[in-house]
Amino acid sequence: MSTHHHSLNPMSETNQPKPIPDPPDFPVILENPDDAQLQWEYDTTHSTGPAPLLEFQAFWKTAFEGWSSANESLGIPLRIRATRLNTYFYIAILPAVAPEEMPEAMNKAEETLNGQINRLESLWKEEWLPEITGHLAFWDAFDLSGAEMSALMDHLDETLDRFLELFTIHFVIISPVYVAMSQFDDLYRDLFGSEGALDSYRLLQGLDNETVITDRALWTLSRKALKSSEIRQAIATHAASEIPTALGAFPAGQAFWSEFQVFLEERGQRSTFWSISDESWIENPESPLMSLKEYLAQPDRDMDAERETLVSDREKAIAEARDRLKGYPRQAAAEFERLLVAAKVATVLTEDHGFWIDFASSYRLRRVLMEVGRRFADADALKVAEDVFHLTVEEIRGTGRDAETADLREKVVQRSNEIRQWEAVSPPPMLGTDFGVPPEDFFMRAMGKFLGAPPEVSEDPKILKGHPGSRGKVTARARLLKSPADSEKLHPGEVLVAQTTAPPWTPLFATAGAIVTDSGGVLSHCAVVAREYGIPAVVGTVRATELIQDGQILEVDGDAGVVRIIADNEPG
């Protein structure tokens, strides 16, 4: 999962592999010298900076091991390796079969995936979701604070095993999901010509998913708050961090805060990015509270009516396509209907799998690790519970056997200093060996639509090219946000510019007039959700956060995948 899908596959027949020189400020020391023969990519879609040791080991490495075992079970002849270099994490994709066996292996994998694509909804409801919720129930039944240390250590081992199982399910789900959407798009273009890059996605919009439902629940709370001048004032006149106290000072405020806590319990099991070292919304609700503040300042809008418009636009597009198919062979129409059913389910699952696995499950893993951290801090092995994220799993197991005599504080200082030191350096996008453009196949094509191929380079410094993400054209002021914590900078109708957006960012989509990102393709999380909001998006520009300045006036053309810088910063 990298932004440069052109190089995801180290089996190119045409290009000679070329060693990539290490940048002078980024010395590369690989665990195994043979690893220099692999193509390592920095994953900008999911990672936004240095990763603490435990985050890499328990979260990312496990996630990508899950991808390998999912590929194995689906017969996809690719394996994934992850490594942490100078605190940044890189992945490499390597073939599981000899180059000459690749085409046949890919054909077999496509047959397997097509079988799943035809049953996506029943697989989700009858197999995958029950399995996921079974794991969540296991964690929720365990008494974290009451467990003896040895029981907690056993629980941690079991947690890591289950997390690997969950990420295997994760990739077993998303392979058919992205392939279904990609195949539907390919078929649509084959049948009707490719008039616009986003035409086929009109037939997949207005389908509820857990991300949009979360945002709508927050919007509904903001409308409730507006009905009471007391509640409105408590939220509007206080900083996000002071709102809970302000609401606690009067009965109506307390009732509203209880309602907000129910929202957090159900929908706040997520952190800002894909991460276990970041606090969740439940632990620190500042991010949703800032969105709530922002919503209060917005004029009323009928979210249900907006959704109805998307739905009727979708139904109209489907009816038009069916009408055009009347003159086609019956087989073409049948294939269209088969893939339409699958692609609709897949569109919802792009977000729903993340709600349950990437966030609800990671939240449970974080809770287990934080409990371990608290025990170690109580025993003076660590200064604070959060420091646990600078340890390795092996160090945790060793300390768990004898926390009273362990002292890991010096190690933590060294490792957090190391992160600070590397934060100042830009990690190179690629290391190791450059294998050039991989052969095209159905799987790489789907991954390419998710990750975004490298965009065309623009000769004009005022024009930035990316990929069409969501339709429409908007001219507005740019706001560069590093995380949702910067959301106060974003005013209604402005252009949100970010490296990548994870689901916890999407409450800001109700404020933004358009979205521009460095990473991602037409099937990326950002593009899928922007289409649900009906706002233009240009994704995968690679350099937007580097070339656009805060406050510049931009024209964002979501259909063309182009951003124009119209005017420089003006005060305001």
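Start at Arg232. Setting aside neighbours within four places in sequence, this residue is in contact with Ala225, Leu226 and Leu296. The model is a predicted one. Arg232 sits in helix 6, which covers residues 229-236. Its relative accessible area is 37%. Buried would mean under 20% and exposed over 50%, so Arg232 counts as partly exposed. Gly253 is 21 residues away in sequence, yet the C-alpha to C-alpha distance from Arg232 is 9.4 Å.

Ala225 leads on to helix 5. Helix 5 (residues 210-226) and helix 8 (residues 251-267) have axes that come within 11 Å and cross at roughly 175°. Angles over 145 degrees count as roughly antiparallel, and therefore this pair is roughly antiparallel. On the helix 5 side, the contact is made by Glu210, Ile213, Thr214, Ala217, Leu218, Leu221, Lys224 and Ala225. Helix 8 supplies Phe256, Glu259, Phe260, Phe263 and Arg267. By class, this contact has 8 nonpolar, 1 polar and 4 charged residues.

The axes of helix 2 (residues 102-117) and helix 4 (residues 149-192) come within 9 Å and cross at roughly 90°. The two helices are therefore roughly perpendicular. Helix 2 makes the contact through Glu110, Leu113, Asn114, Gln116 and Ile117. Helix 4 makes it through Val172, Ser175, Pro176, Val179, Ala180 and Gln183. By class, this contact has 6 nonpolar, 4 polar and 1 charged residues.

Now turn to the sheet. Strands of a sheet pair through backbone hydrogen bonds, either parallel or antiparallel. Here 5 strands form an open sheet in the order 1-5-2-4-3, with antiparallel pairing. Strand 1 (18-19) and strand 3 stand at the edges. Each has a single partner strand, so one side of each is left without a neighbour in the sheet.

Strand 1 pairs with strand 5 (residues 430-434) in the antiparallel sense, over 2 bridges. Pro19 stands opposite Thr433 in strand 5.

Ile80 stands opposite Ile93 in strand 4. The two strands form a hairpin with 2 residues between them. In the turn, Asn86 has a positive phi of about 50°. Helix 1 (residues 53-74) lies across strand 3 and strand 4. Helix 1 runs at about 170° to strand 3.

Technical notes. Residues numbered from 1 in each chain as written. Predicted model: local features only at pLDDT ≥ 70, side-chain atom pairs only at ≥ 80, totals over all residues. Heavy atoms only, no water. Helix = DSSP H or I, 4+ residues; strand = E, 2+ residues; numbered from the N terminus. Buried < 20%, exposed > 50% of the residue type's maximum accessible area, 1.4 Å probe, protein only. Contact = heavy atoms within 4.5 Å. Axes fitted to C-alpha atoms, helices over the stretch in contact; angles between N-to-C directions. Parallel < 35°, antiparallel > 145°, perpendicular 65-115°, else oblique. Nonpolar A, V, L, I, M, F, W, Y, C, P; charged D, E, K, R; others polar. Pairing = 2+ DSSP bridges.
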